[in-house]
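Below are some notes on the charged pairs and on one further position. Please read them beside the structure.

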Amino acid sequence: MTHIDPISISSDIKKQNHLIIAGLVFVIASIIIFINADLYAKTPDSYAPVVVRGLTTFSFLFFGGITALLLFKRKDDKALYMNNEGIIDQTNASSVGLIEWKDILEIEAKNIYSGKFLLITVKDPEKYLRKSPIWKKIILKLNSLTAKTPFSITLNSLQLDAETTTELVKENYRKFKFNE
């Protein structure tokens with residue numbers, strides 16, 4: 001049996017703090033625009049204030065939710081963890097947790113839009129999708145459209161740089177695959 005030394009990689013706290021500040025700016029802007037929605041009405045019977053309030057409510061909930069998630073996420077949580085079983089991914093909201101080494105067919109580093117990701121191709125994606133709540137399944141299936149696999153590890157938010165993290169993951173995958 002292959003022995004893989006457990007490795008854990010934390011989230012980059014500085015980047016998290018920047019995201020929290022940006023989220024708070026959007027939340028505050030949403031509140032200010034919501035309160036002043038009547039200023040967008042060109043006529044007394046205009047629907048503009050209703051539309052503006054609807055959009056700012058969505059913005060408030062979206063950015064407020066993300067900001068709250070970042071604020072209340074424990075700082076000592078490991079975002080990415082590797083052990084004998086596989087990769088435990090907690091880098092983003094659509095992470096599925098443990099992806100077993102034995103299920104992995106390919107690991108590929110790729111830039112998608114402005115982010116760096118590790119794309120994980122598995123034998124049976126449904127095994128992992130079945131365990132996920134409906135909202136996460138939707139996100140994972142959308143990932144498949146751009147990344148050709150539902151499973152991706154976000155490298156931008158980790159303490160280690162993308163290249164080092166990629167090499168660690170691939171090295172441990174090779175250990176498992178060739179020493180089983």
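1. E167 is partly exposed, because its relative accessibility of 40% lies between the limits of 20% and 50%. Its salt-bridge partner is R174, and the closest N and O atoms of the two are 2.8 Å apart. R174 is likewise partly exposed, at a relative accessible area of 37%. Please keep in mind that this is a predicted model.

2. K116 and E163 form another salt bridge, with 3.8 Å between the closest N and O atoms. This pair joins distant parts of the chain: K116 sits in strand β6 (residues 115-122) and E163 in helix α5 (residues 162-178), 47 residues apart. K116 has a relative accessible area of 33% and is partly exposed, whereas E163 reaches 52% and counts as exposed.

3. A salt bridge also connects E100 with K127, where the closest N and O atoms are 3.0 Å apart. Here too distant parts of the chain are linked, with E100 in strand β4 (residues 97-100), K127 in helix α3 (residues 125-129), and 27 residues separating them. K127 is partly exposed, at 21% relative accessibility.

4. E100 and K127 belong to a network of salt bridges that also takes in K102 and D103. Over the whole structure, the search finds six salt bridges.

5. Is T67 buried or exposed? T67 has a relative accessible area of 3%, so it is buried, the cut-off being under 20%. The residue lies in helix α2 (residues 48-72). Leaving aside residues up to four places away in sequence, T67 touches I20, G23 and L24.

Methods:
Residues numbered from 1 in each chain as written. Predicted model: local features only at pLDDT ≥ 70, side-chain atom pairs only at ≥ 80, totals over all residues. Heavy atoms only, no water. Helix = DSSP H or I, 4+ residues; strand = E, 2+ residues; numbered from the N terminus. Buried < 20%, exposed > 50% of the residue type's maximum accessible area, 1.4 Å probe, protein only. Contact = heavy atoms within 4.5 Å. Salt bridge = Lys/Arg side-chain N within 4 Å of Asp/Glu carboxyl O.
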